[in-house]
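Here's a quick walk through one structure, starting with a pocket and then moving on to a few helices and a strand residue.

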Amino acid sequence: MHLEQITTRLHFARTEHANWTIYRGPDGTVLLDSGYLGQRAELEESLRRVGRSPAVVDAVLVTHGHADHLGGASWLATEYGVPVFAGEREVAHLRRDLLEQVGPSDVLRNAFRPGVLAWAVEILPLLRGQPGLGVPSARAVAESGGRVDVPGRPAAITVPGHTSGSTMFSFEEEGVVVVGDALVTGHRTSRRSGPQLLLPMFHSDVETARRSLVHLAALDAEVLLPGHGPSWAGTPADAVARASRA
């Protein structure tokens, strides 16, 4: 796990298979995404390294309800009663009233693609046998464009396509956007580096995911923090342009 200090208050934890962000400010502590269930030790270490513990996390904001973003949130909600929030259209996904997630049949259909089978084998231990794990207590954040009433008060921007209710969180004063999987900068199933979309099999609607990038391009920021791959310094518009050419 590589922990990068992005600003005084934002820290970016990057691992081989999933990333998360920690907001640590005078008003409290917020986790944005949370890795796989099997990455609990890395999650705890990242919190410790910024001077926090799981017990003092005020909230978890989840960009979308895939297992590699939701595992730690489920543990924190169960063990410490930490409230977990997602976009209004994504709450049902976190609660597992529906499931929009790559499954074994999708992997088999894409097994010819470089890295897909190796990735699938590598994540199995991280799932801990619970690929459908959810957070029944998940609640909705403010509607698109609204500020979320948690420490740091990021703006929530809906970017459907990866899942129906995928949401980005923009820390406007920090110049940082947590983009989840709306855009990534690398993945075990990709030979490219830099801004890009994940393989189509990972999206509930890949064409909608492409169109939703207009919402990211319109933001004023200096750093993007993706769900996979390293942080990216540059404007969202430039990142979207590069992804569109990839």
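The lining residues of the largest pocket divide into 16 nonpolar, 6 polar and 2 charged, where Ala, Val, Leu, Ile, Met, Phe, Trp, Tyr, Cys and Pro count as nonpolar, Asp, Glu, Lys and Arg as charged, and the others, Gly among them, as polar. Bear in mind that this is a predicted model: local features need pLDDT of at least 70, side-chain atom pairs count only at pLDDT 80 or more, and totals for chains, interfaces and linings use all residues. Residues are numbered from 1 along each chain as its sequence is written, and side-chain values use heavy atoms, with hydrogens and water left out.

The largest pocket holds about 440 Å³ of space. Of the 24 residues lining it, Gln 101, Val 102, Trp 119, Ile 123 and Leu 127 are the closest to its centre. A pocket here is an open set of points on a 1 Å grid over the protein atoms alone, where a 1.4 Å probe fits, with protein on both sides within 12 Å along at least five of seven lines; lining residues have an atom within 4 Å of a point. The volume is the space filled by probe spheres set on the points, which are joined across faces, edges and corners. Helix 5 gives the most to the lining, with 6 residues.

Now the helices, which are DSSP runs (H or I, at least four residues), while strands are E runs of at least two, both numbered from the N terminus. The expected span is 1.5 Å times one less than the number of residues.

| Helix | Residues | End-to-end C-alpha distance | Expected span |
|---|---|---|---|
| Helix 6 | 12 residues | 17 Å | 16 Å |

Helix 2 is mostly covered, with 11 of its 14 residues buried (under 20% relative accessible area; exposed is over 50%, partly exposed in between, with a 1.4 Å probe and protein chains only). Among the elements covering those buried residues are strand 4, helix 1 and helix 5. Just past helix 2, Gly 81 takes a positive phi of about 70°.

In helix 6, the buried residues are Val 206, Thr 208, Ala 209, Ser 212, Leu 213 and Leu 216. Seen down the axis, they fall within an arc of 165°, so they line one face of helix 6; the arc is that of the directions from the helix axis to the C-beta atoms. Arg 211 and Val 214 are exposed on the other side.

Finally, Arg 24 sits in strand 3 and counts as partly exposed because its relative accessibility is 26%. Its C-alpha atom is separated by 5.0 Å from that of Arg 9, 15 residues apart along the chain.

How values were computed:
Contact = heavy atoms within 4.5 Å.
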